[in-house]
Amino acid sequence: MRPFYIYILGICLISLIYNTNTLAQDDDKILIGMSAAFSGPSRNLGYELYSGMMAYLDYANKNGGVNGKKIELIAYDDGYNPLPAINNTLRLIDQDNVFLLVSYVGTPTVTRVLPVLKIYEDKDIFLFFPFTGAEPQRQAPYKDYVFNLRPSYIQETAGLVRNFVGIGRPRIAVFYKADAYGRSGWDGVRRELHKSGLDIVAEATYRRGAEFESSFGEQVDIIKSAAPDAVISIGAYEASAGFIRDAREGGLDVPIANVSFVGSESMLELLLQAGEKNSKDYTHNLINSEVVPNYIDSSIPAVREYRELMSRYTPRLPEAVDTGNSHAHVPENKQDKYGFVSFEGFLNAKLLVEVLKRLGDEFNNSEIKRTVQNISDYDIGLGEYVSFSAGNNQGLSRVYYNTAIDGSYVPIKNWSVFEK
Amino acid sequence: MIILFGIVATATSALSGWNIYRGLSDEFKAKGSFIALSISDSSVDMLINSEPATLQSVIDEYLNILGVAYIVIVDGAGDIVSHTFVPGIPGRIAELSDQLDSKYLNLNSEILPLTYDNIGDFLNITSPVLGGVAGYVMVGMDRGIIRSQIISIVLKQQVLIFVIFILTIAFSYLLIGRISSPLNILADNASKLARSDLSNIDELSAEIEPIAQSSKDEIGDLARSFVHMERRLSESIRNLTETVAVKERIQGELNVAREIQLSILPQQFPPFPHVKEISIDAKIVPAKEVGGDLYDFFFLSPKVITR
């Protein structure tokens with residue numbers, strides 16, 4: 001009898017080992033991991049991105065999930081800091097055994113997490129659709145471990161520069177955050193200007209963590225003294241709003257443009273509040289580039305779907321963030337349920353579910369790369385198709401431009417309104 | 001004592017200050033050079049492939065090191081492609097980066113004291129990347145930190161010395177007080193004695209009695225001598241007073257005796273004014289107050305007088 005028992009024990013052990021090696025966790029759940037800013041000056045970004053994702057994931061799970069398996073999103077707070085981001089990633093991979101990573105926020109954080117992905121390349125852990133347009137995860141050697149959805153900062157800033165130059169505003173100044181993200185945007189502006197033999201006429205930086213209440217007078221002075229035609233701002237919403245306020249107060253009235261990462265609605269809200277307090281309009285001559293269409297345009301199918309699902313969504317914080325962090329909270333003053341960042345989260349989730357579905361029966365990490373690279377002309381509902389390939393790890397490339405009118409963003413139909 | 005304190009404080013502070021300055025300066029130079037070299041070694045690829053964002057991540061990390069004030073990376077074309085300045089690149093730095101050229105082909109770091117824009121005083125360390133062809137790294141170490149460390153330590157030292165000084169004074173004061181206070185009392189007592197009419201010696205003596213009782217040292221001896229002297233004085237005066245009183249009493253009695261004696265003697269001279277044949281006068285001069293021999297005159301018979 002003895003050998004028989006040992007045989008049974010052996011089989012149990014083997015299946016145990018086999019299970020933990022192949023996939024994430026239980027057979028009825030797919031675990032995906034996220035590390036983002038849920039606290040600090042960029043907390044709105046993590047929260048909105050998460051909300052957009054959960055709005056879609058709730059819907060997908062209610063409708064059978066992926067081949068019967070529910071998708072569970074585990075999200076941790078990194079406060080927009082690289083070290084916590086690294087720790088969270090290790091925890092997600094080693095302890096939580098996630099299938100893949102998704103929707104990380106920020107250039108400094110993502111840039112530092114990339115080497116971790118390389119270390120775990122045997123496990124085929126990929127980072128999907130990080131919320132950053134920086135170059136490191138679009139270039140060798142790390143492009144092999146990341147799939148981007150959004151266009152890059154280089155594309156956004158190039159678009160802004162081309163438009164400004166096109167309407168007779170070639171003297172461009174840059175206001176940017178003193179970190180890798182700011183530097184990315186600065187680099188994008190510079191490269192595009194160099195193509196036409198031009199250069200940045202003035203630059204000013206601000207220290208990360210600067211709040212709306214701080215004074216940006218020094219930066220305004222530096223930029224103003226170069227008499228620019230336009231300013232491109234690469235910052236977070238608090239600092240960008242503060243700079244715009246101080247610029248307008250300081251007599252700098254040229255168009256100021258921001259990129260998608262700024263957190264457009266949050267910035268607009270701060271400007272409107274300040275405008276009310278000081279009886280001024282800080283929102284004129286404001287341009288924002290975005291990587292998704294404006295969510296007021298209901299002619300776009302994805303927008304309709306997004307608005308529908310967001311209206312059904314119950315705002316909440318990720319469980320791990322809620323219990324563990326006294327600094328994180330559901331941001332107050334949300335005028336509107338809708339926003340560019342949550343729209344992007346929604347699109348991220350929608351495409352991710354599509355990828356998971358396409359994995360089919362061979363639900364295995366090693367199949368991910370091939371599956372994604374095979375996506376060609378997938379209609380996500382934007383009018384623009386999503387495509388990946390062996391050489392291209394970025395799904396979309398169109399940049400949209402909005403301006404603020406009467407307290408909300410509308411698409412810019414014609415740039416000539418900003419002509420000199 | 002204050003002057004002594006002043007000398008001690010200044011000398012020790014100056015010495016400490018100098019040592020700290022030397023030590024920290026050397027450390028900063030070494031640190032800065034190491035950082036500059038380290039960054040220039042690791043940024044070759046990033047510079048050649050033009051990745052300012054990645055370069056930025058690298059230099060942002062180094063900014064956390066104590067003493068590092070700024071880092072600038074210049075590319076092969078002489079343009080600043082990465083820096084840590086807020087709110088803007090100081091003019092002096094922009095100038096410096098323009099001047100970078102074949103000076104640095106020898107791969108040595110150059111160190112240059114640099115003050116600008118009222119912002120501070122820095123040690124600027126330059127390190128070439130790939131001989132300068134790929135670019136340069138400039139690291140600025142903040143000399144203000146050295147200064148503030150020196151000031152802090154010197155201040156602490158001064159405060160310490162000052163406190164010790166105060167304590168010493170207080171202690172000395174107490175100690176001397178213990179000696180001088182009884183001396184003062186004794187001196188005071190002596191002068192009171194000198195000025196007094198010697199009638200209240202016992203009172204004065206009582207004033208210094210406690211010192212005489214309690215002090216076991218020389219002061220106590222002095223006090224006891226005082227007390228003894230005052231007692232003796234007091235005694236003498238008492239004796240004298242008594243003696244005088246007795247003498248006066250005796251004198252008084254003698255006076256009475258003399259009066260009586262004199263009153264017994266004939267007062268009227270001449271005693272027999274109606275006898276014209278003779279006139280008698282007499283005088284008595286006692287050796288002291290009263291005499292042993294007296295006189296008187298009577299008529300034995302109407303014709304004979306005897307005395």
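Helix α2 of chain A meets helix α12 of chain A through A:L45, A:E48, A:L49, A:Y50, A:S51, A:G52, A:M53, A:A55, A:Y56, A:L57 and A:A60 on the α2(A) side, and through A:V341, A:S342, A:F343, A:E344, A:G345, A:F346, A:N348, A:A349, A:K350 and A:V353 on the α12(A) side. (Contact here requires C-beta atoms, placed from the backbone, to lie within 7 Å; helices are DSSP runs of H or I with at least four residues, strands are E runs of at least two, and both are numbered from the N terminus.) Sorted by class, this contact has 13 nonpolar, five polar and three charged residues, where Ala, Val, Leu, Ile, Met, Phe, Trp, Tyr, Cys and Pro count as nonpolar, Asp, Glu, Lys and Arg as charged, and the others, Gly among them, as polar.

It's a predicted model, with local features needing pLDDT of at least 70 and side-chain atom pairs pLDDT 80 or more, while totals for chains, interfaces and linings use all residues. Residues are numbered from 1 along each chain as its sequence is written, with chains lettered from A and ligands numbered from 1 in the order in which they are written.

As for geometry, α2(A) (residues 43-62) and α12(A) (residues 340-359) pack at about 40 degrees with axes 7 Å apart; axes are lines fitted to C-alpha atoms, for helices over the stretch in contact, and angles run from 0 to 180 degrees between N-to-C directions. That angle makes α2(A) oblique to α12(A) (under 35 degrees is roughly parallel, over 145 roughly antiparallel, 65 to 115 roughly perpendicular, the rest oblique).

Over at the chain boundary, 21 residues of chain A and 13 residues of chain B take part in the contact. On the chain A side, α4 (107-119), α6, β7 (202-206) and α7 (217-224) each give two or more residues. One helix pair here is α6(A) (residues 180-195) with α3(B) (residues 52-62), whose axes come within 8 Å and cross at roughly 155 degrees. That makes α6(A) roughly antiparallel to α3(B). A:A180, A:R183, A:S184 and A:D187 meet B:P52, B:A53, B:Q56, B:S57 and B:D60, a set that splits into three nonpolar, three polar and three charged.

Now for the strands. In chain A, β10(A) (residues 286-290) and β13(A) (residues 400-405) pair antiparallel over four bridges (pairing takes at least two DSSP bridges), with A:E290 opposite A:Y400. β13(A) also runs antiparallel to β14(A) (residues 408-411), again joined by four bridges, and A:N402 stands opposite A:P411. β13(A) and β14(A) form a hairpin with two residues between them, and A:D406 in the turn has a positive phi of about 55 degrees.

Terms used: Contact = placed C-beta atoms within 7 Å.
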